[in-house]
Amino acid sequence: MISKRNIRAVSTAILIMGAISGFSQSIPSLKDAFKNDFGIGTALNNSQIEERDPAMTAFIVSQFNMATPENVMKSALIHPKWDTYDFVVPDKLVEFGKKHNIKINGHTLIWHSQLPSFIRGIRSKDSIQTFFNDHIKTVASRYKDNIFSWDVVNEALNEDGTLRKTVFLDYLGEGYIAEAFRLTQQAAPNVELYYNDYNNEQPAKRAGCIELIKKVQASGARIDGVGIQGHWHVGKVPFKDIEESIMQYAALGLKVMFTELDIEVLPRNFQGADVNQRMGSDPTLNPYTAGLPDEVQQQLAADYEALFKLFLKHKDKVTRVTFWGVNDGNSWLNGWPVRGRTNYPLLFDRNNQPKPAFYKVIGLKK
Ligand code: G3I
């Protein structure tokens, strides 16, 4: 177990080593810089949750005040068998949050992806309904007093704004979304409840998202916020749609969050984050193995700067900005939609050193 004191010692060591080698003196803190504006979050993987590397823990604690589990609370992992739940790593996450004063956003209760394999064998509405009810009640009530919020339903929409065909839609009908909010609210009355999706800043999908939210509200269930994941592409960040979305979602009385922010720098022939979409491997699709060219680095920095400028402009509506990973080496974009690439989508490089984008973002607060 690593005490707060040890973490402080490691942080000091990092600063001293940095000063000696000259690579980094004291790095400003994102969470401190934006403390009066919105929360600053990161996705955490198992190694980070289990604090396997004290220097990494110290770094996370110095930069972020909110965290989302990248995988461990997804149903395949937390509910691997019909009557078996695995709370070992999720419980550690909750402890991590308590110990380091980091608010935890649960991710996610109802999602068509990363479902337990036993779901594939189910052929009856009753069994799906039982899974759905038990899963929400068991998981949400376990963490009712120690997580801040839940992504109750994740990625329920198609790009055209219609409802995605999932096992839940097929067996339970469209009411499953409001029902998920109702059940979570019942199990965890003090936890904030969100709908989360990617590309829901795009007009057609946004219209579907607004309709979905209105239906939850009309059902009498509580919904507190909407997450725009924010998996974007360098030089193509849809600023106008993002701003319009902040306004439209906030007009529904919801908090707006950017929940999985990263900016892809590698070639891709589609937009979004549908994990089922993949591209074949080809060396031309992995052009920056030796480092990111300056011109792309500068564009990435400019995109992040403009994004945070927009978030600050709407800080009365935007409550959290969460990056999907601590540093470039942790990013899922190294493995998707092409395996084994070298990607650079975040503010910190593979050694947790700040990139030009970090300084642009921090510079907005000077
Ligand atoms: O843990 C297993 C390991 O035992 C096995 O050897 C290995 C072989 O492939 O797989 C490992 O599991 C992988 C898991 O990440 C943990 O690393 C899965 O294959 C891989 O599919 C999974 O990817 C995750 C993806 O969601 C799956 O849906 C990414 O880490 C995670 O970043 C990504 O996150 C999603 C959000 O939850 C929702 N929005 C989109 C976002 C990006 O896809």
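Close-up 1. At 68% relative accessibility, Asn-101 counts as exposed. The cut-off for that word is over 50%. This view, like the others, shows a predicted model. Asn-101 is found in the loop between helix H6 (88-100) and strand S3. Its backbone is worth a look: phi of Asn-101 is near 60°. That is a positive value, and the residue is not a glycine.

Close-up 2. Is Glu-51 buried or exposed? Glu-51 has a relative accessible area of 9%. Buried means under 20%, so Glu-51 is buried. The residue lies in the loop that links helix H3 (46-49) and helix H4 (54-63). Phi of Glu-51 is near 55°. Again the value is positive in a residue other than glycine.

**Close-up 3. Strand S4 and its two partner strands.** Strand S4 covers residues 149-154. Six of its six residues are buried, so the strand is largely enclosed by the rest of the structure. Strand S3 (residues 103-110) runs parallel to S4, and four bridges join the two. Find Ile-110: its bridge partner in S4 is Val-153. The chain gets from S3 to S4 by way of helix H7 (residues 125-142). This β-α-β crossover is right-handed. Strand S5 (residues 192-197) also pairs with S4. Their pairing is parallel and has five bridges. Here Asp-151 stands opposite Tyr-194 of S5.

**Close-up 4. Strand S9 and its neighbours S1 and S8.** S9 (318-323) is mostly covered, with five of its six residues buried. Which strands pair with S9? One is strand S1 (residues 39-44), which is parallel to S9 and joined to it by four bridges. Gly-41 has Thr-322 as its bridge partner in S9. Another is strand S8 (residues 255-264), also parallel, over four bridges. In that pair, Phe-258 has Val-321 of S9 as its bridge partner.

Close-up 5. Look at Glu-70: one of its polar side-chain atoms lies 2.5 Å from an oxygen atom of the ligand. For Asn-71, a polar side-chain atom sits 3.0 Å from a ligand oxygen. In Trp-324, an N or O atom of the side chain is 2.9 Å from an oxygen atom of the ligand. Taken alone, the ligand exposes 790 Å², and the protein buries 51% of that.

**Close-up 6. Two cis peptide bonds.** Where are they? One runs from His-107 to Thr-108, with omega near 0°. Thr-108 is part of strand S3. Pro-337 has its place in the loop between strand S9 and helix H13 (356-363).

Note on methods. Residues numbered from 1 in each chain as written. Predicted model: local features only at pLDDT ≥ 70, side-chain atom pairs only at ≥ 80, totals over all residues. Heavy atoms only, no water. Buried < 20%, exposed > 50% of the residue type's maximum accessible area, 1.4 Å probe, protein only. Pairing = 2+ DSSP bridges. Right-handed = clockwise from strand over helix to strand, strands pointing away. Polar contact = N/O pair within 3.5 Å; in protein donor to acceptor, adjacent residues only side chain to side chain. Areas by Shrake-Rupley, 256 points an atom, 1.4 Å probe, with all protein chains shown as cover.
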